Amino acid sequence: MRTIAVLNTSLTPQSSLSSCKRPTAEVQLNQRGVDSISKVGIEVLNKQLPGKRISDFEGRFSKLDGSYKLSGIQISKFFLDSKKSKVSLQPKNAVNVKVHGLAFDFEGNYDLKGKIGFIPFESKGSFVAQTVKASAEVTVEVDSNVGRPKLKLVGCSTDIGFFSISFQKGIVEEILKIFEELIGNILKKDLDVVICQQVDSIVSEDVDKFIESIPLEFGFLAGFHFDYALHENSEVVDDSMVALPLDTKFWFDGHKYDSGIPKPSRVVSRLSRPEMFCAAFDGPAFFGSAAYAFQVSPRSHFVIDHDLLKHVSLKIQKFFRCDCADEMCIGQILPTIQKHCKNGASLQFETNATAYVESAFGPNGLFVTVNANGTLEMVFPDDTSFDVGDVGAQIVIHIDNYLTLKKSHGNLFLRGNLVLIDARILFYSSIGRLPEILLNMIFYEAIAPVIRQINDHFNVGVEIPNWVVFP
């Protein structure tokens, strides 16, 4: 699994941009990221240019007092060496790509008529030409269009180099030299046009159509949504990074424009990392909107567990048995519970809650606090149950500053690390006072394995839509 990106969620960056006009998130591509994308474009050219046709030519030339016609010309082989490409970032929002090691073959038919002295001649046949020491240079600007990036080809040129030409039918040496020079001069100019037209087609049609196909809203978990439209044009920063500013927001069905959604701070990190690209978020806008979406959704009202005790240690499970030899179990201590118990049976706790999520930021990452208010029921072996009391619970989780995007077997995975900082409850019992220290031990032991399980899954990686192709 290979790290290709990092996502920053801190509000204490090395440098930041703060303004009422700033976006709520920024995708930042460093030199490696731009190089990687350019290599993808080069590979697309290598696949699409073979078989492309070149316009027919015909005309006259004075040296042989005759005419020529070149027809059926097409590129038979084409190869740009991506290892010999050099990508440079230019002021404002442009990317320049220079590629050496361009090599391609093309073939076609010729029809040549003329005179050598007073002797007329005519020759027809086919030819094959090969390039030597060719190169290309392309400049692309990244603008914005209705919330999406839009690429624009602003410069393209090729140096076709020298030709090696072979003819199917033999031509006398004097004619061959003239004809070879003729083909070279004509095709050099036209091949430049053909290659640049194809580059423009890839940029304006293939790439832009792909970008337009990416939705500006991503729906998940039945009712939740995430918006991520482009805020403004991209920007080249210090000739070393391309920054794509985004406006991001989580929301739930029917609550997209609620006034209760936390306002953005408009503080976005400027990162300096070795990964190909980074995503820096405005914390309150990103996590605050996520917390609000959760709060107004039905998912904030849930069953914590139908059997809370199954997550805790055997020692604590033993305490909640109906009977025990040392009389240090709940069935022996509390008469209210004892009358419902049967010897040898254990109790089952079912917890329902309404949760409210808050977020805060520290120098090393994000602290997420889940506050839950609910009821605790005891389900007895004889299938009777009753409310034990009201429960107030708080869980604090820390998420590391940097989330990483990794590629494995062609798929993208978001990875990170989260740690349970604290888990505690306040218990208001209707059956008598219960020991709070013990209850908090039980609660922590029940929650900790759940958080560890989530963290294990997060460490392995959560698969995300692979909309961007990484080589």
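## Before you start

Because the model is predicted, local features need pLDDT of at least 70 and side-chain atom pairs count only at pLDDT 80 or more, while totals for chains, interfaces and linings use all residues. Residues are numbered from 1 along each chain as its sequence is written, and side-chain values use heavy atoms, with hydrogens and water left out.

## The overall build

Let's begin with the whole protein. It has seven helices and 26 strands; these are DSSP runs numbered from the N terminus, with helices (H or I) of at least four residues and strands (E) of at least two. Of the 471 residues, 47% are buried (under 20% relative accessible area; exposed is over 50% and partly exposed in between, with a 1.4 Å probe and protein chains only).

Among contacts with a separation of 6 or more, 68% are between residues 24 or more positions apart (a contact means heavy atoms within 4.5 Å).

## The disulfide

How many disulfides does a search of the whole structure find? The search finds one, a disulfide being a pair of cysteine sulfur atoms within 2.5 Å. C156 is joined to C196, with an S to S distance of 2.0 Å. The pair links distant parts of the chain, 40 residues apart: C156 is in strand β11 (residues 148–159) and C196 in helix α2 (residues 173–213).

The torsion about the S-S bond of C156 and C196 is about -85°, so this disulfide is left-handed. C156 counts as partly exposed because its relative accessibility is 24%, whereas C196 is buried at 11%.

## The second largest pocket

Now look for the second largest pocket, which holds about 250 Å³ of space. On a 1 Å grid over the protein atoms alone, a pocket is an open set of points where a 1.4 Å probe fits, with protein on both sides within 12 Å along at least five of seven lines; lining residues have an atom within 4 Å of a point. The volume is the space filled by probe spheres set on the points, which are joined across faces, edges and corners.

There are 14 lining residues, and T24, T248, K249, P264 and R266 lie nearest the centre. Strand β16 (241–252) and helix α3 (283–296) each supply at least two lining residues, with β16 giving the largest share, three. By class, seven are charged, four nonpolar and three polar (Asp, Glu, Lys and Arg count as charged; Ala, Val, Leu, Ile, Met, Phe, Trp, Tyr, Cys and Pro as nonpolar; the others, Gly among them, as polar).

## A residue in β20

Finally, find A360 in strand β20 (residues 348–362). A360 is partly exposed, at 39% relative accessible area.
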